[in-house]
Structures are given as structure tokens and as C-alpha cells.
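Hi everyone, thanks for coming. Let me put the structure up so that we can look at it together.

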Amino acid sequence: MKAAIFTFFMFLSYLAIGQGLNTELGFNDNYSQSSEGIVCLNEYTYLVKTQNNSSSFITQSVLCKLDTLGNILWSTVVNPKWAETTYVYEILASDDGGIYLLGLGRPICDVAGGWFWYIQKYDSYGNAIWTRIWDEKYFNEKKLTGLSNNSIHQLCVNYVDSSGSYISHFGIDGNTIDSLKITPSKISGFEDFSINKKVGFKSDTLWVFDNSGNVEFTVLFNDSIQNIKSLNDTLFVLTRDSIYSFNNNLQIIRGTDIIGFSNYSHLKIINGNIYFVSNGFIAQDIIQMNRQLQLLEIKTIPIGLTIDTDKDFNASHFSTAINFSLTRFTAIRYLDYSLNSNQNELVNSSDIGIIDLVPTYVNAEEQPNFQHVYRVKLEATALIKNYGSNILNSCRINHFITSSTICNDVVFTKQFENLNLAPGDSIWIPLGLMHEALNYFSDSVIKMNICVYTSFPNSKTDLNTSNDNYCEDVVFGYEGISNSELVNFLLFPNPTTGLITLNLPVEQNSSFSIFNIQGEKIMEGNIKSNKLDITSLSNGMYFLMISTTNHQTYIKNKIVKY
């Protein structure tokens, strides 16, 4: 059976009241961090983040609990069983103040097969109460979706394997109570509705199942379903553009679309009223209705988000976790807003930027018995600037690079204190050894693009990222100059119109070579003084190498001709 869907449109005028910001944090202590789910529960927020640990194969998922003041009460690594890769796909609040997680793990990152699906229950203190694991030989052989709580506090999930699709129920101890075989698969969520009916949804389709798992009838909508909730004898269905109510015979009562609001998500029932979010690029509006779908109130969260950005809310606060770019990967911006106050708490307003990165030592040594494989080292000094209005006392400088001959990542993170950097001032910070790794170079030029970014320690982040990132092409050497130490030096002026002065002692019969950014040698010759004329070169960027008679090699990784 297919039910026809109708809507009526609600016109309104209202005064939008912005809600106050409780706290703002940045999870930027490591690389490739991203939010994988967020839940508001009472006065707390549970946040799942994934991150690649430095210098290891392991990709971890971490469950964190925060209060509305931004204090991280605890964090625990999600560890259903040992694995190099662990992801969380769904997060659900339990009835006793804890959290359910559904995810996927892989014990060995570079070996085919060996995936496993899991569900874990955590209490409010971060302890794993129970774990269920489904092993599989190949990725996607089994699939778990639609993590839901039913009316008698049983956990429910859609389990799919080669034998079919099932609605599985679990008790408070994690043991399976029953499994009903159904026809649809990969259901997005379930809701109990009346004694003999269970409702599930995926995409634009709603299914009604009896107690044996048979489909009694199907309801099709004109847009994708975001969530379903029941209140007494009424079922509420939220799509991206409308909200509907059904009676206990699954006959539609009414449908509503509020003009001026769109991209609905996060359907909730709180104290007998209906709530959901209208997602926008300027603000998030929390819409409150009674069970007759009459508008009661709209509260505006003054931040623009997409419908897919991790967010959640309850009666007291709204939380979101935004994945934002820092150089090549992402960090997490976390914000929490009060729904009962429009006063903003004082949050971090500093702004730190990186201006320049100067290599002070570069070295490339060819590895014995490995063609084109070099161990490269880099020491550098960074120039940072305080763009904010507050004195800057501490900062963190981070670096990430891949292309290693082994599959672990190479990172640098170092915190600097007692800077006392006034607004508008800048300072050079010696980083020391910031990069060392084995790398494969197939071209003649041993060159890497090094990127760094600045951030604040203690989970405070500079959210103006336009001046945080800095990338520099560093030439470590050239094929045929193995086991030679390449010493960086200064030259001036740089940029130059043609004549440059070298700040190093030049021996008689020293030679120089100039390469373009493609690694092609475009000029060479002998140099007898600390002056070098490159007037004949076209405007652009070049690399200069000087070799002395005692086999010392000096290199300047960037010259700009204009």
C-alpha cells in the first residue's frame, strides 16, 4: 500500500532571538582529525573524533565528554578490539546517561580482509560496559545501520549479511533478544509504533513491519526522510522540507512546510513538544511545535552550517563540531550554545599567523641497497605574527607530510611558551629538527613541499585560518650527491632584479648550478666571489646550489627573480 502525502504551508512572522555562545574549542593537537558524531545529553555533550597518531599506522576514534563550559571531562579511545583502524559511524544516547557507538574496524591496514563491525555501550564515566563484534572477511560483507532505541529500552539495529536483512534487538547486557528477517536492507532508523508495529525508514521510504518482520505497507515521500519519532498514538516523520503526523493506523493527519525555512534535520520530542533544526548557511533555527504541528517558538543559533555538519541539541543547549581545513587535512572546531540565554561567554579571540619558514639545515643521504630512497632531515626557523588584539604568550607549530616509503605519517608538533608577543609584532622561533623520514624520489631533484600551520594549545584554536598555513618547497639535494650534507645559507636581496650577494665564504674554483622549479638545470658555471649575476634569467623562482673544492655542498632552496 502507498499512502498519498499532502502538505499545507505555514506563513509566519517572528522575532529571531540569537542564542548565546557558551564555549568554543579547537581539537587541533594532531593531524587529520575529524568529527564522527555528536550527542547532547543533559548538560553534557558526547563527541567522537578520529585522528591519525603521529609516526604510527593507527587511526583512532576517541569518545570525549564535555560540559557546557568547554571542560573535557574525560576522553577514551574506542577500542572494541585491537585494530590499526577504528571508525565510528553512528552514535546514540542511551536511557541511563551513557552512549552507544556503532562502527567498523580493521586490524591490519595493509592486508586485505579482516574487517569487523561492532557496537559498544559506554556509561557516563567513559567505561565500556559491553561490546558486540561481527567479524567479516571482506569489507561490506556484513553491514550494521539504523542504531535505535525502542519503547522498552531495547537497542535495535538492521543487520545485513549474505543470508538476508534482519531487525536485531539487544538487551541491556548486549545479548541478542531476537532477530526478525525483513526484505528492505540498510535501514536508517527504527521506531516502535503501537503494540504490533515497527516502523523503519531509508531515503524517501517508510516501511511498516508487523511482529514477524513482514511489510504491512509502504509510505513514499517527496523528499528524503531525516528521522521519525512517536508520541503516544502519533507518529511524526521529518523530511528535508516538511514534517508530517500519522495516527496509529498510519493514516496521515497533517503535513507542514514553514515558508522561509528548509533543510530540516534532528527531529526530537522534548516535554511533549516537537523540535527540529532548520539548517542554513547563515544560522541554525530550532523550531518548536506542539503535537498538532502548531508553531510555538523559533530559537536562532547564529552560525551557518550544512545539514550534514555534526550537531545536536536538547532543551538546554546546542552543540556542533565543524571539520575545518588546516594545511592538507582537518581539525575540529567545537561550539556550544545556550538555548536559555542570549549572552555570549568570553571566548578566545587571539589570532596567530605564520609568515615565513626558513630552513637552517637540510640533509639527504641515499640509503644503501635502495635505489632512489633517501633519508632526509630538515631543521628550520619560523616567523610568526600576532594578528590579534591580545598579548600572545603561547602557540603551537605543527607540520604534516606524507610520501614516505613506509605507510606511517611524519608529523611535527611543538609548543612554545613565554612569547610575550604584543599585537602586531612578530618573532622568529627556532623549531629545531622538524622533519626526518625515508622518502622515495624518482626525479633528479630531491624536493619536498613542507607545510606548517599555527594553533593554540589547551584546546584553544585560532579560527581565522586564512593566515595560519604556510607551505615551502625545500630542496634536499639532487641525484648523484648522495651522502653530502647540504648547508643552507643566506643571500640578498631576495627577491632580486639580477645581482645577488652570497653570505658564505667562496673558495677558488667553486661551481654553481641553478635549477628551475621543475628540477631542470638552466645555468651553471664557476664562481670566484660572493657575487652572482642572474640578470639573464626570466622572472620566476629558482634553486641555487654551490659546490666547493673540498666537496662541501651549499644550497639555497628559493631565489625569486623579478
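A quick word on what you are seeing. This is a predicted model, where local features need pLDDT of at least 70 and side-chain atom pairs count only at pLDDT 80 or more, while totals for chains, interfaces and linings use all residues. Residues are numbered from 1 along each chain as its sequence is written, and side-chain values use heavy atoms, with hydrogens and water left out.

Back to the charges. The structure holds eight salt bridges, and I'd like to walk you through some of them.

Please find R333 and E24. Their side chains meet in a salt bridge, at 3.1 Å from N to O. This pair links distant parts of the chain: R333 sits in strand β31 (residues 329–338) and E24 in strand β4 (residues 21–27), 309 residues apart. Strands here are DSSP runs of E with at least two residues, and helices are runs of H or I with at least four, numbered from the N terminus. Is E24 buried or exposed? E24 counts as buried, at 11% relative accessibility, while R333 is partly exposed at 25%. For the cut-offs, buried means under 20% relative accessible area, exposed over 50%, and partly exposed in between, with a 1.4 Å probe and protein chains only.

Next, look at K268 and D312, whose side chains form a salt bridge of 3.0 Å, N to O. K268 lies in strand β25 (residues 264–270) and D312 in strand β29 (residues 310–313), so the pair ties together parts that are 44 residues apart in sequence. D312 is buried, at 6% relative accessibility.

D233 is in the loop between β21 (225–231) and β22 (234–239), and R291 is in the loop between β27 (284–289) and β28 (295–301). D233 is partly exposed at 41%, and R291 is partly exposed at 25%.

Finally, a sheet. Three strands, in the order β40-β41-β44, form an open sheet with antiparallel pairing. Two strands pair if DSSP finds at least two bridges between them. The edge strands are β40 (490–492) and β44 (531–533). Strand β41 (residues 499–503) pairs with β44 over three bridges, and the bridge partner of T501 in β44 is K531.

Notes:
Salt bridge = Lys/Arg side-chain N within 4 Å of Asp/Glu carboxyl O.
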